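Please read these notes with the model open beside you. They begin with one side chain and then widen to the whole fold.

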Amino acid sequence: MQSFFDERVEFAIEHIWINPLSGKREEALASLRDAANMGDGDAFYFLGRCYLGKSFADPVLGLPDDRKFAFECFDKSLELESAVGMFATMHIEGYEPSQGTFIHPPYKSKREIWDKVYDMAMSGCIFCQFLVANAYYYCDVADFLDITPENAGGEEIYMRRVREWAAEAVGLYEGCVEKGLGIAIPNLIDILSSGKRGVPIMKKRADKYKQIGADMGIGAYERIIGNEYRDDGLLEEALAMYERAASHGDGYAYYCLGKFFTFRGILGMNLKKAAAYFEKGIAAYPNDKGLCNLLGEICFRGGQGLACDFPKAFTLLDNAYRNGSTWGSDMLGMCYLKGLGTEVDLEMARWMFELNPKKRFAVWGLEELESY
């Protein structure tokens, strides 16, 4: 098989992006660092990509977000004349090269960078196929090739090109998935299920890739399949799939697991188990509204041997509220009314109660406020 990168970089691609469940995260990272320390610009790009968050490397790897370090790696990748680094970082939100330009010798234009990476993709480089597919999907190809509605011959002709790019993206993404590159699945499903850019909606085809994602051990798709089992009443199968998803780094699976056992749990109330699941989910997603609300409710109400923890309840419910959820506003209102975990604030109590005035605590609270 043809190699397109240093063997250490190829090893890292295999064990971070193609087979993240191999258990060789540390060896893969060490390989990238070793190659980068030897002046390999491609290695710097892939090393930086590891620290851009869960959309850039599978959550199962447990890699921390460190955009500052990632951007420093990208700067080095550009300095060391990596075409892949120039191509892939050109449209990463928030990244501006410290040198002031993405284009470095021997490349003189975006078109030359496109040609290099496109040639690698057409020669069989799976990761370059993914990068080119992304350029088609996001229409970044227009920037690389300087295509506008004006120079394309008008808006209608330009939109025809956009539809052609979407179709090209589908073909490339499907090829990537076939070769084991699971990170191609989200955008592929989006195109197939949304009808974006004129591609016909193909729900069955999209559903097939959700199952493929689950079969590949991608936590998000295991959770999606778990949801389908749950909706079909196959609760034990759903529970097993959620457990798999959680073990593969999907923090939202803990929300699904905890809901089975909380106050309205369809598998029976077990607050200690529910709280343990929610705690694990919040460790991964500390500002998730659903996780904060449901753990906040347990802390507020207590039960089954769990004491009320009003300071924690207030912190969690307030976090959910500040992130756009009013679900727990009646409990927040009681916290403000009674000084539970926060200072008494009757104005805030009334505000919270009136957000959901028919909920039980809100009814009680508003009645009590009338006596003040």
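1. Start at M86. M86 counts as buried because its relative accessibility is 0%; buried means under 20% relative accessible area, exposed over 50%, and partly exposed in between, with a 1.4 Å probe and protein chains only. M86 sits in helix α5, residues 83-89. Helices here are DSSP runs of H or I with at least four residues, strands are runs of E with at least two, and numbering goes from the N terminus. Beyond its neighbours within four places in sequence, M86 is in contact with L78, E81, F102, I103, H104, Y107 and I113. Contact means heavy atoms within 4.5 Å.

2. Ground rules. This is a predicted model, in which local features need pLDDT of at least 70, side-chain atom pairs count only at pLDDT 80 or more, and totals for chains, interfaces and linings use all residues. Residues are numbered from 1 along each chain as its sequence is written, and side-chain values use heavy atoms, leaving out hydrogens and water.

3. Overall fold. The protein has 21 helices and 0 strands. Its C-alpha atoms fill a box of roughly 75 × 45 × 45 Å along the principal axes. Of the 372 residues, 49% count as buried. Take contacts between residues at least 6 apart in sequence: 51% of these join residues at least 24 apart.

4. Surface and charge. The accessible surface comes to about 17600 Å², and 51% of it belongs to carbon and sulfur atoms. Areas come from the Shrake-Rupley method with a 1.4 Å probe; for residues, only the protein chains shown count as cover. There are 41 positive and 55 negative side chains. Lys and Arg count as positive, Asp and Glu as negative; His and the chain ends are not counted. The centres of the two sets lie 4 Å apart, with each charge placed at NZ of Lys, CZ of Arg, CG of Asp or CD of Glu.

5. Helix α13. This helix covers residues 219-231, has 13 residues and reaches 18 Å from its first C-alpha to its last, close to the 18 Å expected at 1.5 Å a residue. The expected span is 1.5 Å times one less than the number of residues. Which residues of α13 are buried? They are G219, Y221, E222, R223, I225, G226 and N227. Their cover includes α11 (185-194), α12 (203-215), α14 (235-247) and α15 (252-259). Just after α13, G233 takes a positive phi of about 80°.

6. Backbone points to check. The peptide bond from P105 to P106 is cis, with omega near 10°. P106 lies in the loop between α5 and α6 (110-122). D146 has phi near 55°, a positive value in a residue other than glycine. D146 is placed in the loop between α8 and α9 (149-152), and it counts as exposed at 55% relative accessibility.

7. Cysteines. How many disulfides does a search of the whole structure find? It finds 0; a disulfide is a pair of cysteine sulfur atoms within 2.5 Å. The closest cysteine sulfur to that of C139 is in C176, 18 Å away, which is too far for a bond. C139 also has a positive phi, near 65°, and is not glycine. C139 lies in the loop between α7 (126-137) and α8 (141-145), and is buried at 17% relative accessibility. For C308, the closest cysteine sulfur is in C299, at 9.1 Å, again too far for a bond. C308 is partly exposed, with a relative accessible area of 38%.

8. D330 is in helix α19, residues 329-338. D330 counts as buried because its relative accessibility is 4%. R163 is found in helix α10, residues 155-178. R163 counts as partly exposed, at 39% relative accessibility. Not counting residues up to four places away in sequence, R163 touches R197 and G198. The C-alpha atoms of R163 and Y137, 26 residues apart along the chain, are separated by 9.7 Å.
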